[in-house]
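Please view the sequence and the model first.

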Amino acid sequence: MEFTKTPGWLDWYAGPSQPRFNLPAGAVDAHCHVFGPGDQFPYAPERKYTPCDASKEQLFALRDHLGFDKNVIVQATCHGSDNRALVDALKASNNKARGVATVNRQVTDAELQAMHAAGVRGTRFNFVKRLADFTPREVLLEIANRIAPLGWHVVVYFEAQDLPELYDFFTALPTTVVVDHMGRPDVSKPVDGPEFELFVKMMREHGNIWSKVSCPERLSLSGPKALNGEQNAYADVVPFAKRLVETFPDRVLWGTDWPHPNLKDHMPDDGLLVDFIPHIATTPELQQKLLVDNPTRLYWNDEALRDGPQHAVQARSSTD
Ligand code: 0GY
């Protein structure tokens, strides 16, 4: 099938630099996507954007170029709840990728089992209005209760101004909950102001809530150029991500977000994004947790699943 990209679409950057920061052995890129290819895995009719293709082979080549060992591939909204491109990538990864799918309430137990066997370990609920249509909370809760016995977690994507309204729903979920991109803080506001404090409170009071400290390129107002007196790109995002890494070292994840859907301003160099990591995780210990220990525990901890959900719950709450 022929697809025409959304007007103004920025394609992913094909010549990423070699990062200066050496990733630790076993590092996981814990947030990235595959798009299509559309002629093999058509984009969903209900999608809000049509991207350029970004295949599993291209993702795995980027992984090797940057020095990552593994990927966590997150279902992108342009594929709706048709997880075939994701599952295809997981199966081709040689156990080097896990997945986060999007499922609706019609999903059968057999389909969930098949996705689990392919490497899916979570489902994503998207509350960003420009990306996904509204789904009633009781339907999402029903899905969360269906996937919990598999040891899966829920990934949530929302914007900071919507957290007050979503807070009670998130904190009542029966699984580990992973927040995309720190809940998209407005980085022009103070890192210790009321908006980000609410996010920190949610993580402090709920040991099952994790955060990806990813997407500086999406959140930054200062952009990819180092500012006067600053040494690094995306400097205005550093205090937010650094605070979470240092406060919750056992519940943070990092990912490139390749192929960077819906960016309007610039397309990042993924090598430069990797060089952002030591500014937010400033010691080898913090880097090891962020890049290796945490994602490995969440996504490759199959012993917990063999012993049943009870064990998985204990594994969850033993962090921090
Ligand atoms: C991201 C961010 C975005 C898009 C999606 O699934 C998606 O379409 O997640 C966005 O547009 O902010 O994490 O990839």
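**The ligand and its surroundings**

Q: How far is an oxygen atom of the ligand from an N or O atom in the side chain of His31?
A: The model is a predicted one. A pair of N or O atoms counts as a polar contact within 3.5 Å. For the side chain of His31 and an oxygen atom of the ligand, the distance is 2.9 Å.

Q: Which residue has a polar side-chain atom that lies 2.5 Å from an oxygen atom of the ligand?
A: Arg124 also places a polar side-chain atom by a ligand oxygen, but at 2.9 Å. The residue with the value of 2.5 Å is Thr77.

Q: What share of the accessible area that the ligand has on its own does the protein cover?
A: On its own, the ligand has 350 Å² of accessible area. The space taken by the ligand is the second largest cavity.

Q: How many charged residues does the shell around the ligand have?
A: The ligand has 15 residues around it, and His33, Tyr49, Thr77, Tyr157 and His181 come nearest. By class, the shell includes five nonpolar and five polar residues. The number of charged residues in the shell is five.

**Links and backbone features**

Q: Which residue does the side chain of Lys48 meet in a salt bridge?
A: A salt bridge requires a side-chain nitrogen of Lys or Arg within 4 Å of a carboxyl oxygen of Asp or Glu, and the count by this rule is 22. In the pair that includes Lys48, the distance from N to O is 2.6 Å. The partner of Lys48 is Asp133.

Q: Why does the pair of Lys48 and Asp133 tie together parts that are apart in sequence?
A: Lys48 lies in the loop between strand 1 (28-32) and helix 1 (56-66). Asp133 lies in the loop between strand 4 (120-126) and helix 4 (137-147), so the pair joins parts whose separation in sequence is 85 residues.

Q: Where is Pro259 found?
A: Most peptide bonds are trans. A cis peptide bond, with omega of about 0°, joins Trp258 and Pro259; another cis bond joins Gly36 and Pro37, and Pro37 is in the loop between strand 1 and helix 1. Pro259 is in the loop between strand 8 (252-253) and helix 9 (270-280).

Q: What is the phi of Asn95?
A: Most residues other than glycine have a negative phi. Asn95, which is in the loop between helix 2 (84-92) and strand 3 (97-101), is not a glycine, yet its phi is positive, at about 65°.

How values were computed
Residues are numbered from 1 along each chain as its sequence is written. This is a predicted model: local features need pLDDT of at least 70, side-chain atom pairs count only at pLDDT 80 or more; totals for chains, interfaces and linings use all residues. Side-chain values use heavy atoms; hydrogens and water are left out. A residue is near a molecule or strand if one of its heavy atoms lies within 4 Å of it. A polar contact is a pair of N or O atoms within 3.5 Å; within protein, one must be able to donate a hydrogen and the other to accept it, and residues adjacent in sequence count only if both atoms are side-chain atoms. Accessible areas come from the Shrake-Rupley method with a 1.4 Å probe; for residues, only the protein chains shown count as cover. On a 1 Å grid over the protein atoms alone, a cavity is a set of points where a 1.4 Å probe fits but cannot get out, and a pocket is an open set with protein on both sides within 12 Å along at least five of seven lines; lining residues have an atom within 4 Å of a point. A molecule sits in a cavity or pocket if more than half of its atoms lie within 2 Å of its grid points. Ala, Val, Leu, Ile, Met, Phe, Trp, Tyr, Cys and Pro count as nonpolar, Asp, Glu, Lys and Arg as charged, and the others, Gly among them, as polar. Helices (H or I, at least four residues) and strands (E, at least two) are DSSP runs, numbered from the N terminus.
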